[in-house]
Amino acid sequence: MVAIEVSLRLLFGLGNPVLSQADISTGYRFQPNQQIVRFGKRIEYNQYSQRSQPISLQKLEGTLRILMVGDSVLNGGNPIDQKQIITEQLKAKLKASGQTTEVLNASAGSWGIGNHLGYLKKFGTFGSDIVILQIGTHDLTQPTSTGERVGKDPNYPVHSLSAIQEAFTRYILPRLLGNVNLNPFSNQEIPQISPAQVAQHFQKNMEFFKTAVNLVRDKKTPIYVLFTPNRYDLIPTPVTPPYKPEFMQVVNSLQIPVFDTYEAWSKLPTNVVETYFRDEVHLTEVGYEVVANLIFQQLCIQQKFSGCSLASPVHTR
């Protein structure tokens, strides 16, 4: 039994999951100061629950600091290594252009726009030069996520387990039971609402969004939006995401620049776009690289960073 425990820990990182904590401001967030390896993928959270290296509250002179806030699309989750997430790839591209850069990743699975606002209210913008809010199709109408599932849902643990216990409860038992679901939270990762509530939640989210924009602009900081579509918005054929036109009206009225991956990807062949998604929502390593390229290129044009090169292509393979 000891040998199995040790093997599961060393080979897969089981028994040492990413830990969460409930938070009245953000609903929940990842516990600070974590460095682990899961299934061969490195995962790191700093002292501010960002999937980033530790930072000083006061940024160093001459450093470009970008704060990105978003959900699991921005975060990447366990399947994506730290160096492959959007923020790390963007940082690498800016550094290669000669710009000393930090790109901070404040995100968590199933965060909505209300959770983004909660994080900004709690922690501020860290003196960032630019703030980018990543907002996906589903974020436009989803309610703010709460900390109800933390410590109850196996996917949101608050402390480590034995590797054997985690392997059994989180991976083996669900497969053995098939359709028998003992996890009351498993089908409710994004809070459920009735069709009649969709428009109401969109309007509420737009109020959260406007408040977040004002919070950032009060600090004289430029703000951008990164819009990310779901797979079904693009495949088999592009269909305008629900409430995206209404959202863009709000964004345009506030004169916020947008990195619009839906717009960019809707012009590409389906077989290319398919390589960007690992499921209906989340991206592959290739998808993350393409998003980082898009942001890098547009920032180079709009911010006129010295040393920027636009030779980094968007993938079309």
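Visitor: Which side chains meet Lys41 or Glu285 in a salt bridge, and at what N to O distance?

Guide: A salt bridge here is a side-chain nitrogen of Lys or Arg within 4 Å of a carboxyl oxygen of Asp or Glu. In this structure the side chains of Lys41 and Glu285 meet in one, at 3.6 Å from N to O. Lys41 lies in strand β4 (residues 41–45) and Glu285 in helix α10 (residues 285–303), so the pair ties together parts that are 244 residues apart in sequence. Helices (H or I, at least four residues) and strands (E, at least two) are DSSP runs, numbered from the N terminus.

Visitor: What should I keep in mind about the model and its numbering?

Guide: The model is predicted: local features need pLDDT of at least 70, side-chain atom pairs count only at pLDDT 80 or more, and totals for chains, interfaces and linings use all residues. Residues are numbered from 1 along each chain as its sequence is written, and side-chain values use heavy atoms, with hydrogens and water left out.

Visitor: Is Lys41 buried or exposed, or partly exposed?

Guide: Buried means under 20% relative accessible area, exposed means over 50%, and partly exposed is in between (1.4 Å probe, protein chains only). Lys41 is partly exposed, with a relative accessible area of 24%. Glu285 also counts as partly exposed, at 32%.

Visitor: How many salt bridges does the structure hold?

Guide: The structure holds 13. One of them joins Lys83 to Asp81, with the closest N and O atoms 3.4 Å apart. Lys83 counts as exposed at 52% relative accessibility, whereas Asp81 is buried at 9%.

Visitor: Where do Glu280 and Arg231 lie?

Guide: Their side chains meet in a salt bridge as well, at 3.9 Å from N to O. Glu280 lies in the loop between α9 (270–273) and α10, and Arg231 in the loop between β8 (223–228) and α7 (244–253), so this pair ties together parts that are 49 residues apart in sequence. Glu280 is partly exposed, with a relative accessible area of 38%, and Arg231 is partly exposed at 24%. Elsewhere, salt bridges that share partners join Asp23, Arg29 and Lys122 into one network.

Visitor: How do I read strand pairing, and how many bridges join β5 to β6?

Guide: Two strands pair if DSSP finds at least two bridges between them. Here seven bridges join strand β5 (residues 64–70) to β6, and the two run parallel. As an example to locate, Val103 in β6 is the bridge partner of Ile66. Six of the seven residues of β6 (residues 101–107) are buried, so this strand is largely enclosed by the rest of the structure.

Visitor: Which elements do the buried residues of α3 pack against?

Guide: Contact means heavy atoms within 4.5 Å. The buried residues of α3 pack against β5, α2 (72–75), β6, β8 and α10. Eight of the eleven residues of α3 are buried, which leaves the helix mostly covered. Among the buried ones are Ile86, Glu88, Lys91 and Leu94.

Visitor: What is Thr87 in contact with?

Guide: Thr87 sits in helix α3 (residues 86–96) and is buried, with a relative accessible area of 0%. Leaving aside neighbours within four places in sequence, Thr87 is in contact with Arg51, Met68, Leu74, Val103, Leu104 and Asn105. After α3 comes Gly98, whose phi is positive, near 100°.

Visitor: Which residues make the nonpolar surface patch?

Guide: Patches are made of residues with over 30% relative accessible area and no salt bridge; like charges are joined within 9 Å, and nonpolar side chains (Val, Leu, Ile, Met, Phe, Trp, Tyr) within 5 Å. Accessible areas come from the Shrake-Rupley method with a 1.4 Å probe, and for residues only the protein chains shown count as cover. Val2, Val6, Leu10, Leu11, Phe12 and Phe39 make a nonpolar patch of about 630 Å². Leu11 lies in helix α1 (residues 2–12) and counts as exposed, at 60% relative accessibility.

Visitor: How many helices and strands does the protein chain come to?

Guide: The chain comes to ten helices and nine strands. Buried residues make up 51% of its 317 residues. Among contacts between residues at least 6 apart in sequence, 73% join residues at least 24 apart.
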